[in-house]
Amino acid sequence: MTAALIFEQILNGLQFGLTLFLMAAGLTLVFGVMGLINLAHGSLYMVGAFCCAWITQQTGSFWLGLGGGVLGAAAAGALIEMLVIRRLYDRDHLDQVLATFALILIFSEGTRMVFGSMPLYLNIPEALSGTVALPGVEAYPIYRLFIILAALAVAVLLYLLISKTRLGMRIRAGESDREMIAALGVDIKTLYTIVFALGAAIAGLSGTLVGALRSVQVGMGEPVLILAFVVIVIGGIGSIKGALIGSILIGLVDTLGRIFLPIILKVFMENASANSIGAALSSMLIYLMMAGILAVKPKGLFNAAN
Amino acid sequence: MQQTDTAPKPVTMPKLNREAMVNFTVMAILLALPLWASSIGEDYYVNLASLITIFAIAGVGLNFAIGQGGMVSFGHAAFFGIGGYTTGIAAFHSFEETLFMAMPFAVSGTNQMLIIWIVAMVLCGIAALAIGAISLRTEGVYFIMITLAFAQMIYYFAISWPTYGGEDGLSIYLRNELPVVDAENALTFFLICFILLLSAIFVSARLSGSRFGAALGTARMNETRLATSGIDPFPIKLTGFVISAMITGLAGALFAELNGFVGPSMLSWHRSGEIMVFVILGGVGRLYGPVIGAALFVLLETYIGEWTQHWQLLLGLALLGVVLFARGGVMGMIAGRARHD
């Protein structure tokens with residue numbers, strides 16, 4: 001166990017955490033502005049990945065695919081917002097959960113009908129496929145660094161969008177008092193559609209970026225969705241800052257826990273049981289962390305309402 | 001809430017009777033069909049009815065949390081799965097003749113259903129106590145996400161714990177036994193499930209009508225009001241959550257017996273969603289709603305699943321339609337709005 005290994009794992013954890021942030025940002029934005037819990041956010045992630053894989057296959061260009069994935073997810077988001085989600089804003093959370101659960105079933109089965117059950121594979125573009133030497137790490141995949149940088153760029157852009165632009169001002173106004181900004185002449189329906197599509201586009205971006213790292217398949221969004229829930233519960237629902245910090249925390253704890261927990265347990269017990277107990281325990285680690293944080297701060301670390 | 005008990009309400013009586021008639025009809029059909037199927041030797045349909053009955057029990061459990069207590073738990077698969085794994089693990093050790101644990105005291109497996117049911121319900125109660133104690137500190141959308149996250153935690157634990165099959169699950173080679181009757185017989189097993197369903201509904205109804213149920217209902221509608229009347233809402237809600245989990249856990253134990261198998265899919269979040277679907281399709285807060293919901297779900301899965309493998313698409317559309325346009329579920333459509341007592 002060297003410093004280099006730890007450094008590499010920290011980078012991996014950061015990369016994992018930042019892809020979670022891309023999911024959590026959209027979820028927390030939609031909840032903050034419209035008060036909606038959207039389970040189908042994972043489906044938008046999947047739609048992004050499938051659009052990207054399909055366009056890349058057709059055109060041979062990953063970059064076209066990436067753009068198509070983001071646009072495809074945004075379009076799917078705008079579509080379901082106008083058809084379904086719009087009717088749910090005034091409903092209670094139970095109705096929202098069920099309707100968006102129904103959307104998951106529809107999206108998953110629909111994708112399976114179009115693309116089949118076999119996973120698609122998305123190749124990393126040549127420019128990003130090599131490795132790079134970092135201080136202490138001999139060869140770190142460039143693509144993972146690219147994901148880290150892209151996600152950080154999205155975080156900065158999102159911050160600028162929300163704090164510096166007119167649209168961002170309206171979004172913030174919608175968060176604090178939706179009736180008032182409607183009375184002031186802002187078209188609240190269109191604003192909601194834009195916010196939802198924006199969240200969907202970021203989720204789609206996350207799906208395309210991760211899709212190239214793993215495989216693109218039906219159901220790929222659901223584990224990420226649940227982790228994103230854990231992130232925003234820890235960070236405080238409605239807070240983008242909380243989502244960023246929460247997701248990095250989750251990414252690091254999960255990645256480092258999986259590597260180092262079995263190693264630490266081996267100090268106390270024999271190898272085989274240290275491995276199995278370590279694996280079981282590290283898969284529960286982030287949930288235990290969530291429980292611990294909620295026991296102290298039931299509304300998360302950075303609750304937007306405070 | 002309290003004042004409505006004294007005066008008779010002639011206006012609502014016909015609707016109440018209609019719901020009672022629907023309840024009676026549904027239960028009569030559920031009982032009659034397997035009796036008939038068994039008489040012509042079609043055990044397949046008897047098992048289908050058992051499946052509906054078991055899902056209905058799980059739904060009755062969740063319905064108590066949602067309908068009575070207003071606690072929208074998206075993690076009831078955890079209890080369904082714990083019930084199932086209790087059955088699987090007990091049968092595994094009984095079959096292998098090994099000990100479940102040797103320290104600090106020896107615990108062996110068992111093949112006695114009555115013992116397994118009690119152990120399963122107690123374990124679910126303990127798990128619900130822990131999960132509820134943390135989750136109920138929060139409310140609304142936090143509660144939904146946290147219960148989901150805890151269920152997912154148990155799911156990943158089951159997958160990464162290799163002793164009991166991990167991802168592959170665990171087969172139960174011989175159905176566990178009951179005193180006197182032969183549980184291996186399909187019709188007998190259905191009747192056991194049916195009696196347990198009736199018991200679950202009875203318990204749920206009695207609790208809802210009790211002082212405790214009134215307090216739980218008030219906690220759903222207005223926690224502050226409950227607190228000002230001198231009752232702390234937290235222990236009331238926690239108790240309701242535990243009872244709900246125990247009923248769903250019993251359903252999980254029966255599900256494992258019916259399939260002769262337990263696996264992580266019993267714990268997956270899709271299962272939590274499905275249990276919620278039973279409740280919503282039937283009608284939230286309706287005592288017999290989950291029976292209708294479970295029956296519709298199983299029949300859709302079986303018959304549309306035969307016709308097309310994409311039946312989940314139709315399920316999704318049907319569910320979307322019910323949520324958007326038919327609030328109150330099937331029971332709401334047939335029997336009118338829920339009576340508010």
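Two residues are in contact here if their C-beta atoms, placed from the backbone, lie within 7 Å. I begin with that definition, as much of this talk rests on it.

The structure is a predicted model, in which local features need pLDDT of at least 70, side-chain atom pairs count only at pLDDT 80 or more, and totals for chains, interfaces and linings use all residues. Residues are numbered from 1 along each chain as its sequence is written, while chains are lettered from A and ligands numbered from 1 in the order in which they are written.

Let me take chain A to start. Chain A has eleven helices and two strands; helices (H or I, at least four residues) and strands (E, at least two) are DSSP runs, numbered from the N terminus. Along the sequence, the pattern of chain A reads α-α-α-α-β-β-α-α-α-α-α-α-α.

What radius of gyration would a compact globule of 306 residues have? The value would be near 19 Å, and chain A, with 20 Å, agrees. That radius is taken over C-alpha atoms, and the globule rule is 2.2 Å times the number of residues to the power 0.38. The C-alpha trace of chain A spans about 65 × 50 × 35 Å along its principal axes.

Of the 306 residues of chain A, 49% count as buried. A residue is buried if 20 or more other C-beta atoms lie within 10 Å of its own, exposed if 12 or fewer, and partly exposed in between, with the C-beta atoms placed from the backbone. Where contacts in chain A join residues at least 6 apart in sequence, 76% of them join residues at least 24 apart.

Ile55(A) lies in helix α2 (residues 41-59) of chain A. Is Ile55(A) buried or exposed? Ile55(A) is buried, because 22 other C-beta atoms lie within 10 Å. Beyond its neighbours within four places in sequence, Ile55(A) is in contact with Leu64(A), Gly65(A) and Gly68(A). Gly69(A) is 14 residues from Ile55(A) in sequence, and the two are 8.2 Å apart in space, C-alpha to C-alpha.

I turn now to a helix pair. Two packed helices are described by the angle between their axes and the distance between the axes. In chain A, the axes of helix α9 (residues 221-235) and helix α10 (residues 240-265) come within 8 Å and cross at roughly 120 degrees. Therefore α9(A) is oblique to α10(A). The axes are lines fitted to C-alpha atoms, for helices over the stretch in contact, and angles run from 0 to 180 degrees between N-to-C directions. Angles under 35 degrees count as roughly parallel, over 145 as roughly antiparallel, 65 to 115 as roughly perpendicular and the rest as oblique.

Which residues make the contact? Those of α9(A) include Leu227(A), Val230(A) and Val231(A), and those of α10(A) include Gly242(A), Ala243(A) and Ile245(A). By class, this contact of α9(A) with α10(A) has nine nonpolar, four polar and no charged residues. Ala, Val, Leu, Ile, Met, Phe, Trp, Tyr, Cys and Pro count as nonpolar, Asp, Glu, Lys and Arg as charged, and the others, Gly among them, as polar.

Next comes chain B. Its secondary structure comes to 13 helices and four strands. For 341 residues, a compact globule would have a radius of gyration near 20 Å, and chain B agrees with 20 Å. Taken along the principal axes, the C-alpha atoms of chain B fill a box of roughly 60 × 50 × 40 Å. Buried residues make up 51% of the 341 residues in chain B.

Phe100(B) is found in strand β1 (residues 99-101) of chain B and counts as partly exposed, because it has 14 C-beta neighbours inside 10 Å. Leaving aside neighbours within four places in sequence, Phe100(B) is in contact with Ile89(B), His93(B), Val107(B), Ser108(B) and Gly109(B).

Val180(B) sits in the loop between β3 (170-171) and α6 (186-209) of chain B. Although Val180(B) is not a glycine, its phi is positive, at about 70 degrees. Val180(B) counts as exposed, because it has 5 C-beta neighbours inside 10 Å.

Asn259(B) belongs to helix α9 (residues 233-259) of chain B, and with 18 C-beta neighbours inside 10 Å it counts as partly exposed.

Finally, the two chains together. How many residues of chain B are in contact with chain A? There are 36, and they meet 34 residues of chain A. On the side of chain B that touches chain A, the elements that give two or more residues are α5 (141-160), α10 (269-282) and α12 (311-325) of chain B. Of these, α5(B) gives the most, with 13 residues. By class, that side of chain B has 27 nonpolar, eight polar and one charged residues.
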